[in-house]
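Have a look at it first, then read on.

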Number of protein chains: 2
Amino acid sequence: MRAMKAHVWVMPKRTVLDPQGQAIQHALSSLGFSEVQDVRQGKFFVLDLNGVARAAAEKQVERMAKEILANPVIEEFRYEIVE
Amino acid sequence: MRAMKAHVWVMPKRTVLDPQGQAIQHALSSLGFSEVQDVRQGKFFVLDLNGVARAAAEKQVERMAKEILANPVIEEFRYEIVE
C-alpha cells in the first residue's frame with residue numbers, strides 16, 4: 001500500500017470532430033510546420049494515490065476516468081498505474 | 001520517410017499552482033475517492049507527421065512544443081516519436 005501514481009489520457013473519440021486540434025494544425029501549418037497532417041488534443045491527468053493496493057487502485061482509477069474525468073459520449077480514455 | 005506520430009505532454013511546472021487539478025482533486029474527494037491526494041492536469045497532443053525523417057521530426061516537434069504547444073513560463077513538456 002505504498003503511494004502510487006496513475007496516468008490518465010482522455011482523448012476525443014475518432015468519430016468526433018476535434019476543433020481545438022484542427023485549429024492547432026492550421027496554426028502550425030501557417031507557421032511553417034507543413035509536415036503536420038493532423039493534430040488531436042486531449043487531456044492528461046496525473047493522480048497521486050495513497051493507501052490503496054494496486055488492484056483496488058486500478059478499479060478506482062477506471063471508475064474516476066469513466067464517471068468524472070472523461071465524457072464517455074464524446075471521449076475515450078486509457079490509464080496506467082505507475083510505481 | 002514514412003508517416004510518423006508524435007506524442008506531446010504539456011504539464012504545469014511543479015512550482016506553478018494548478019487550480020484545475022486542485023478543483024478535480026476536491027471533486028473526487030467529495031465523491032468518495034479520498035485516496036486521491038493530488039491531481040495535476042495537463043494537455044496531451046497526438047501529431048501526425050508526413051514526409052520527414054525521424055531526426056528532423058524530433059527537431060520539429062521540439063520546436064513546436066517549445067514555441068507553440070507549451071507556455072515555457074508556466075509549463076514544461078516532453079515528447080516522443082512513435083512508429
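## Ground rules

Throughout, buried means under 20% relative accessible area and exposed means over 50%, with partly exposed in between (1.4 Å probe, protein chains only). Helices (H or I, at least four residues) and strands (E, at least two) are DSSP runs, numbered from the N terminus.

This is a predicted model, where local features need pLDDT of at least 70, side-chain atom pairs count only at pLDDT 80 or more, and totals for chains, interfaces and linings use all residues. Residues are numbered from 1 along each chain as its sequence is written, chains are lettered from A and ligands numbered from 1 in the order in which they are written, and side-chain values use heavy atoms, with hydrogens and water left out.

## The sheet across both chains

Start with the sheet: 6 strands form an open one, ordered β3(A)-β1(A)-β2(A)-β2(B)-β1(B)-β3(B), with antiparallel pairing. Two strands count as paired if DSSP finds at least two bridges between them. At the edges stand β3 (75-82) of chain A and β3 (75-82) of chain B, each with a single partner strand, so one side of each has no neighbour in the sheet. On average, neighbouring strands are turned by 20 degrees against each other, direction ignored.

Where do the two chains meet in the sheet? β2(A) and β2(B) run antiparallel and are joined by 13 bridges; one example is A:Leu49, whose bridge partner in β2(B) is B:Val36. Within chain A, β1 (residues 4-12) pairs with β2(A) in the antiparallel sense over 7 bridges. Among the bridge partners there, A:Ala6 goes with A:Leu47 and A:Lys5 with A:Asp48. β2(A) is mostly covered, with 10 of its 14 residues buried.

## Helix α1 of chain B

α1(B) covers residues 19-30, so to speak a 12-residue helix, and reaches 16 Å from first C-alpha to last, close to the 16 Å expected at 1.5 Å a residue (the expected span is 1.5 Å times one less than the number of residues). Which of its residues are buried? They are B:Gly21, B:Ile24, B:Gln25 and B:Leu28. Seen down the axis of α1(B), these buried residues fall within an arc of 105 degrees (taken from the directions from the helix axis to the C-beta atoms), so they line one face of the helix.

On the other side of α1(B), B:Pro19, B:His26 and B:Ser30 are exposed. The buried residues pack against β2 (36-49) and α2 (54-69) of chain A, plus β2 (36-49) of chain B, where contact means heavy atoms within 4.5 Å. After α1(B) comes B:Gly32, with a positive phi near 105 degrees.

Methods. Axes fitted to C-alpha atoms, helices over the stretch in contact; angles between N-to-C directions.
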